[in-house]
Amino acid sequence: MSATAVHSLWTTAATAADPIAKIDAPKIEYGQLSPVLIVLGAAIIGILVEAFVPRRSRYYAQMFVAAVALIAAFAAIVALAAGGYGTTKAGIAAMGAVAVDGPALFLQGTILLTSLVGLFTFAERRLDPEQHGNRVDSFAAQAAAVPGSESEQKAVKAGFTTTEVFPLLLFAVAGMLVFPAANDLLTLFVALEVFSLPLYLLCALARRKRLMSQEAAVKYFLLGAFASAFTLFGIALLYGYAGSMSYGTIAQVVDGTVQNVTPALADTMGNDALLLVGSALIVMGLLFKVGAVPFHMWTPDVYQGAPTPVTGFMAAATKVAAFGALLRILYVVLPGLRWDWRPVMWGVAIVTMLAGAIVAITQTDIKRLLAYSSIAHAGFILAGVIATTPEGISSVLFYLAAYSFVTIGAFAVVTLVRDAGGEATHLSKWAGLGRRSPLVAAVFAVFLLAFAGIPLTSGFSGKFAVFKAAAEGGAAPLVVIGVISSAIAAFFYIRVIVLMFFSEPRAEGPTVAVPSPLTMTAIAVGVAVTVVLGVAPQYFLDLAGQAGVFVR
């Protein structure tokens with residue numbers, strides 16, 4: 001049959017049918033989505049800077065674009081919160097794809113502030129000695145060069161730098177902003193990929209120990225791809241169960257309060273296997289991002305191998321985004337399944353707290369020790385998630401804000417202690433640091449005490465809030481295990497402090513580099529937040545309390 005005949009058949013069929021309904025244009029609330037749009041726009045500008053700005057000017061241009069974007073996006077968050085979008089005007093934007101409510105704005109604000117502090121550590125250029133008259137940063141001179149090859153040596157000699165890290169950082173931040181605010185499963189998955197892919201790349205870009213860095217990136221990529229696949233399969237099963245991607249609709253189908261039930265939906269609604277397996281797979285993908293046991297195996301290797309500024313940024317911001325998404329899935333989509341997921345979460349929280357604390361005792365590398373510490377903290381935060389009360393939500397929000405600044409500050413300090421091979425991360429090299437550089441050791445001690453949850457630090461306020469919410473939510477045994485885990489964890493934090501202040505410094509020990517004002521600012525912000533949230537946490541607890549209501 002000729003093409004014209006087919007075409008005439010098609011047009012005849014079209015005219016014979018009903019007139020085609022007008023397709024409505026999507027309604028997008030640009031003002032409510034402005035924080036994400038600002039960061040995405042700046043990331044695209046960053047790519048254009050790479051293409052068109054001369055090499056010697058790129059670093060300053062990228063730094064400026066990234067800093068302005070993060071500050072502007074945070075200002076947009078504050079404006080939305082002041083306009084009541086966190087409380088009375090909370091709603092669903094972008095055709096039901098994104099929620100603009102208290103938890104979303106609080107978590108997005110936290111992500112933007114930690115990313116700004118992380119940006120300062122990315123831009124640091126005074127820690128390594130100059131090479132061929134050029135200042136160098138933590139990232140490979142040329143990412144595409146084979147480690148140790150002639151092309152890499154030429155790139156170092158020419159003074160090349162990988163300024164692409166700044167747009168990559170912004171793309172990761174954009175994905176993280178959408179992740180806790182996603183209000184349908186497809187948006188959740190797209191956001192997951194948008195922030196994961198830049199992180200896989202950033203992990204591979206260390207200037208020193210290139211092979212270890214690339215190994216970390218490959219491990220993270222492979223395991224992350226598995227976790228994404230599980231999440232996607234879970235999304236498919238939940239869609240099959242509820243016939244919708246929207247959080248609100250799925251929640252109604254789970255509760256049995258959905259209005260117009262078609263025969264097809266009635267068939268799948270009766271199939272609880274789809275619901276249980278689908279929910280389990282999605283939660284599994286989120287627990288991987290959080291670093292909870294048994295999905296934690298990537299954490300120590302990736303934290304150790306990635307460039308330290310990336311580790312700090314990832315440890316802080318990814319946890320905030322992933323816990324935000326986990327809270328929204330459990331509290332908005334699956335409240336009707338509470339009796340099914342709570343016992344499982346109990347088990348995950350207990351194993352995570354204990355494994356993180358006990359395995360950390362055996363670590364000899366400071367970055368691996370902080371990785372296991374972050375696993376233990378994931379367990380503490382899960383205690384707040386299990387509370388299933390408004391206090392549970394607000395305590396988790398507060399803990400995430402407190403934890404993220406301590407983490408970035410701690411990793412910023414790790415970048416300062418150096419020997420001939422770069423950063424001296426082996427614990428034996430930190431012996432006597434308190435005598436050689438009392439100020440740096442004292443600052444690191446403050447961060448370690450906050451991790452341990454000692455009173456008058458932000459860590460104590462956060463743990464107290466989370467454990468109180470868990471106890472009131474009927475999870476008192478969990479609190480007891482949490483306190484025991486904290487005591488075990490306190491042992492290895494105090495051990496590092498003792499090593500720094502009460503051991504003899506070695507003659508050939510590492511030096512403490514004098515950083516630029518950028519890293520000094522990052523560390524100072526970390527100390528300030530740690531002390532303020534420890535001494536006077538009430539205002540911020542109230543803020544988290546006001547922000548603790550999900551829109552549905």
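**Entry 1: aromatic pairs**

I count rings of Phe, Tyr and Trp (its six-membered ring) as a pair if their centres lie within 6.5 Å; planes under 30 degrees apart are stacked, over 60 edge-to-face, and the rest tilted. By that rule I find 19 aromatic pairs in the structure.

A note on what I am looking at: this is a predicted model, where local features need pLDDT of at least 70 and side-chain atom pairs count only at pLDDT 80 or more, while totals for chains, interfaces and linings use all residues. Residues are numbered from 1 along each chain as its sequence is written, and side-chain values use heavy atoms, with hydrogens and water left out.

Trp430 sits in the loop between strand 4 (422-423) and helix 17 (433-436), and Phe444 in helix 18 (residues 438-452), 14 residues apart. Helices (H or I, at least four residues) and strands (E, at least two) are DSSP runs, numbered from the N terminus.

Buried or exposed, I asked of Trp430? Trp430 is buried, at 0% relative accessibility, and Phe444 is buried with 0% as well. For these words I use relative accessible area: under 20% is buried, over 50% exposed, and in between partly exposed (1.4 Å probe, protein chains only).

Next I checked Phe451 and Tyr493, with centres 5.9 Å apart and planes at 20°, so this pair is stacked. Phe451 lies in helix 18 and Tyr493 in helix 20 (residues 476-502), so the pair ties together parts 42 residues apart in sequence. Phe451 is buried at 4%, and Tyr493 is buried at 2%.

I also noted a cluster: ring pairs link Tyr200, Tyr220, Phe221, Phe288, Trp298, Tyr303 and Phe411.

**Entry 2: charges over rings**

Here a charge sits over a ring if NZ of Lys or CZ of Arg is within 6 Å of the ring centre and within 35 degrees of the ring normal. I found Arg55 over the face of Phe160, 3.8 Å from the ring centre. Arg125 lies over the face of Tyr59, at 3.7 Å.

**Entry 3: salt bridges**

How many salt bridges does the structure hold? I get 16, each being a side-chain nitrogen of Lys or Arg within 4 Å of a carboxyl oxygen of Asp or Glu.

Glu130 and Arg135 form one of them, with the closest N and O atoms 3.9 Å apart. Arg135 is partly exposed, with a relative accessible area of 44%.

Arg210 meets Glu152 at 2.3 Å, N to O. Arg210 lies in helix 8 (residues 210-242) and Glu152 in helix 5 (residues 150-157), so the bridge ties together parts 58 residues apart in sequence. I find both Arg210 and Glu152 buried.

Arg435 meets Glu504 at 2.8 Å, N to O. Arg435 belongs to helix 17 and Glu504 to the loop between helix 20 and strand 5 (511-512), so parts 69 residues apart in sequence are tied together. Arg435 is partly exposed at 46%, whereas Glu504 is exposed at 57%.
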